[in-house]
Structure formats: structure tokens, C-alpha cells
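Please keep the sequence and the model in view while reading.

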Amino acid sequence: MGQLFKNYIGGKWVGARSGKTFSNLNPANTDDLVGRFPLSDSKDINLAVVAAKKAYASWNEVPLPERGDIIMRARDILIRDKQELAKHMTREMGKVLKETLGDVQEAIDMAGFIAGEGRRLYGETTPSELANKFCMTVRAPIGVCGLITPWNFPMAIPSWKVLPAILCGNTVVFKPAEDTPLSSIRMIQALERAGLPPGVVNLVCGYGETAGAALVDHPDVSLISFTGSCEVGREVASKCGQDLKRVSLEMGGKNAQIVMDDADLELAIEGAVWGAFGTTGQRCTATSRLIVHEKVVAKFTKMLVARAKKVSVGDGLKKNIEMGPIINEKQLKQVLNYIEIGKKEGAKLLCGGKRLDKGKFKKGFFVEPTVFTNVTPKMRIAQEEIFGPVVSIIKVKSLAEAIKVHNGTDYGLSSSIYTRDVNQAFQALTKMEAGLTYVNGPTIGAEVHLPFGGVKNTGNGHREGGKTVVDIFTEWRAIFFDYSGKLQKAQIDD
Ligand code: UN1
């Protein structure tokens, strides 16, 4: 039957009110049942919001450094349990153990980084235009935050949201992706063991259409932070717009690596393979376009195909596996569908392109690392987010053309250029429309203490990570302190 897991509401582990559950299967082997989880709906969300609302006032009385200390203790637990947490994560969503260890590490990094904010969260003082008057700004929490996270970074992305939200004094209702509830539960257990008071974080498992939608719709939720597809992000944003809720969105990407004719090709290939096939291409930062100078494109393509053919695919828990399965059947179909679209559009399939479903692959959602060439910038495979191990090579004649192609999509998350020429590198990094730019590095691998997010349709202007994350989870208050003992009127002539 598989282990039965629960929601965490008001400091208690409870099933869904309906008593219903859903199963979560290992995408590398669907005979392996990871567990059963509460199939929650608006009733469970409502209970969680009530608990979060109740906890809000007392949580705000806890001094910020103390809130930081709780997060630090949770960090210690994550460090202690890192190996085991990563193993469960690989079972739950398929990426290889080295990468799930990295995912847990990213949550550990975020905990360390944001706990320190407990002794900062600086405001400003500024002169007043009037005598005997003092002005300052302070950051204030927003209220109950609804956090909706994806499956591709089951602990890292929740850590980017949950930890800063509570550090800043908000309380939380957290709805993790239905494909990865277990890792989220493990992260919340670490906070519980670290002494987080009941109701500060509430976790509700379930599907986006029901539990997620109820969270977005709930009148007592003041802010939604969502990471996922543009399609759902639009819906979330419009609902939040109607209700005048704060909303922070982190959505798709169509990230490109530019390879100039003077690039270190070996290095560029290693970057491309890691960027395109790491996490089975299922990162919003994944490299899905390789924009390559015509002088080196033939050589680069040959080297890339040779390397792509060698990528070892399999169960991410096994030794020497470089690429795990796709998360689920629906996504697998989407990836295979895009491969067909690419072929029909006239792109040339150089390697991969097929589902692996024989022998050791029989019970999983595996697909071959896939490389297309002869791709033109307007093709759908060069425009739409595939979220799988499929990469398209686009040939260009110059840096100017490379940048134009780079910028010619609706997205703008991550970008990269390989060149040894500092002038070209600087030109590119000032002109590429993206939230993240790497010079001589792949499009993946952002660090938590820098702002994370994208321009254009990738987001709505917010940045997770970095100092900037507290801008999402706080609002500024301006304070005017008049100690003159008389009525002083700003802007009014004497
Ligand atoms: C994501 O792809 O959704 O920069 C997040 C990276 C990781 C985070 C990716 N640190 O690739």
C-alpha cells in the first residue's frame, strides 16, 4: 500500500478532510510506490489558512534573530540528513543522486543565507524637510503567504520561498507539486524539529486545480508566490489581480548558450551537455538553444553529438548515471511531441529523439538525449519551452546576430556566452535580455545569494534569492516622527 503521509496544519500531521489520498510513483520505476499523500481540497486549504492566520500575531512577536536561529537549526538537520533526503528525492522525481544532493545543498545554502537576514533586515533613516522631525523606513511582513512550488527542485525552490517568508514574519500555507510532496514534507519536518511554532508553516498536499486554486482564491491569503508554467502563472496572476493580492511569479525559460568562434570548444561542450541534459533538461534554467558561430558550428556539432550519445541514462540512484527519467507520463508525451514537431518543422535530428522503454528502462519514463541542428530561430522547438533533454543548434554569422536570436523569444531567464574576447563578452552581457548571464559557464547553476528570476514572460519583476528576496515578502513602511511638540505642515508655505 505504500507509506501514508499527511498534511501539516496548525502544528499537527493530519489527513485530508475527505480521507482521500493520491499515490506518488518513482518515475524511474513505476512499480516503486514512493508513498500516498492527502488529496486535499479547499476545505483543507481553509483549515491551513485559519491556522496560519492564528499564528501570525504571536510569530511577529518572536524577534527576528530568534526566527533566524530556528532556520539555522533546521539547516543543521538538513546537513545531517542530506544523503538520505537526496536518496528519497531521486526516488520521488528521478534526477541523479549527485543533483538531488545539490538540491538539498541549495536549501542548506538558502537557510544559512536567510537566517543571517534575521540580524539585518535593514531599513533607512533619512532627514525630514522640517525641523525636529525624524524619518525612517522599516520593512513589515505582509500576512499569510500562499506558496506554490514545482517538482524539479523539490527542496531548493521551497526553501527560496518558505524560509524568507517566515524570517520576515509572515505565516505560510505551502502547496508543493503533486509529484514531489515527500521532499517538501521532509523540509517542513526539519523546521518542526528545529522548534518552529505551530501554524507558522502549514503544508497541504494536492493538485493545482483544486488545492492550489483554493489557495490562490482564499480571501485571507495576502500574497501568492508561484513557480511553474507561464500558462498557469497567467491564471494565478489574473486571479490575484482581481483580488489585489501581492503576487510573485517565476515561470518558463528558453535559455540559450552562445558559442563564438574563439571559444574554448571543449569547455563549451561540457557546459552545453550539463546545461541541456542535467536534470534531464527539466530546469527552468536549462539550455535549450545553442547559438553557434558558423565558423565553428560543424566542429561543435560533431563534438556535441559524440558527447550526447555517451550520456548514460538510467535510474538516478545507480552509479555512473548522468541522466534520469522524465518526471511523469504527461511530460514524457510533451517532450516526444516536441521532438515530432521539430522533425516536421524541418529541423535535422542528429541524435536521440526516442523513448527508451526496453529492458531496464521498461518501467520508467526515459527519453534519449536529443540534439537537433538546422534549427531556425522561429521554429516552435526554438521558441517554446520543452522541459526535457532536447537541444537545438542555431547557426549564426556574428555576435550581433547571436544576440538578436538570443533575444528573439518571449522568455528571458538565463543566458550564456562562451568567448575569450572580453569586448564580445561585455557586449553580450549588456545586450542579452535575461535575468541571469554566465560568461564561459552554462545556463544552469545559480547561487542563492544572488537575485534569481527573469525578464519578459519569465516573471513579473520579482527576484528570489539574494538580498532582493525580502522585497517579495515584506512591504515598506515610512515613519515620520515629529518631536517638535507643535503641528508642522509638510509642503505648506508659512
Ligand atoms: C529551476 O530551474 O527551476 O540555477 C531552478 C539553477 C538552479 C536552480 C534552478 N540553482 O539551475
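Two strands pair if DSSP finds at least two bridges between them. Strands (E, at least two residues) and helices (H or I, at least four) are DSSP runs, numbered from the N terminus. This is a predicted model, in which local features need pLDDT of at least 70 and side-chain atom pairs count only at pLDDT 80 or more, while totals for chains, interfaces and linings use all residues. Residues are numbered from 1 along each chain as its sequence is written, and side-chain values use heavy atoms, with hydrogens and water left out.

Q: In β8, which residue is the bridge partner of C145?
A: Strand β7 covers residues 144-148 and pairs with β8 in the parallel sense. Five bridges join the two strands. The partner of C145 in β8 is V172.

Q: How many of the five residues of strand β8 are buried?
A: A residue is called buried under 20% relative accessible area, exposed over 50% and partly exposed in between (1.4 Å probe, protein chains only). On one side of β8, T171, V173 and K175 are buried, and on the other V172 and F174 are buried, so that both faces are covered. Strand β8 (residues 171-175) is therefore largely enclosed by the rest of the structure, and the number of its residues that are buried is five.

Q: Which residue in β4 does N24 stand opposite?
A: N24 belongs to the covered face of strand β3 (residues 21-26), together with F22 and N26, whereas T21, S23 and L25 form the uncovered face. A hairpin of two residues leads from β3 to β4. The two strands run antiparallel and are joined by six bridges, with β4 spanning residues 29-38. Opposite N24 stands G35.

Q: How many disulfides does the structure hold?
A: A disulfide is a pair of cysteine sulfur atoms within 2.5 Å. The sulfur of C205 lies 19 Å from the closest cysteine sulfur, that of C145, and this is too far for a bond. C240 is in no disulfide either, as its nearest cysteine sulfur, again in C145, is 11 Å away. The count of disulfides is zero.

Q: Is C240 buried or exposed?
A: The class follows from the relative accessible area, which for C240 is 0%. C205, at 1% relative accessibility, counts as buried. C240 is likewise buried.

Q: How many residues apart are K161 and E464, which meet in a salt bridge?
A: A salt bridge is a side-chain nitrogen of Lys or Arg within 4 Å of a carboxyl oxygen of Asp or Glu, and the structure holds 22 of them. In the pair of K161 and E464, the distance from N to O is 2.7 Å. K161 lies in helix α4 (residues 156-167) and E464 in the loop between β20 (436-439) and α13 (469-473), so the pair links distant parts of the chain.

Q: What is the relative accessible area of E464?
A: K161, the salt-bridge partner of E464, counts as buried at 0% relative accessibility. E464 is also buried, with a relative accessible area of 2%.

Q: In which strand is E475, which meets R246 in a salt bridge?
A: The side chains of R246 and E475 come to 2.7 Å, N to O. The pair links distant parts of the chain, 229 residues apart, with R246 in strand β11 (residues 246-250). R246 is partly exposed at 39% relative accessibility, and E475 is partly exposed at 31%. The strand that holds E475 (residues 474-482) is β21.

Q: At which residue does α1 bend?
A: The bend at a residue is the angle between axes fitted to the seven residues ending there and the seven starting there. The buried residues of α1 include I45, V49, A55 and W59. The bend of α1 is about 35°, and it is found at A55.

Q: How far apart are the end C-alpha atoms of helix α1?
A: The expected span of a helix is 1.5 Å times one less than its number of residues. Helix α1 (residues 42-61) has 20 residues and should therefore span 28 Å. The separation of its end C-alpha atoms agrees with this, at 30 Å.
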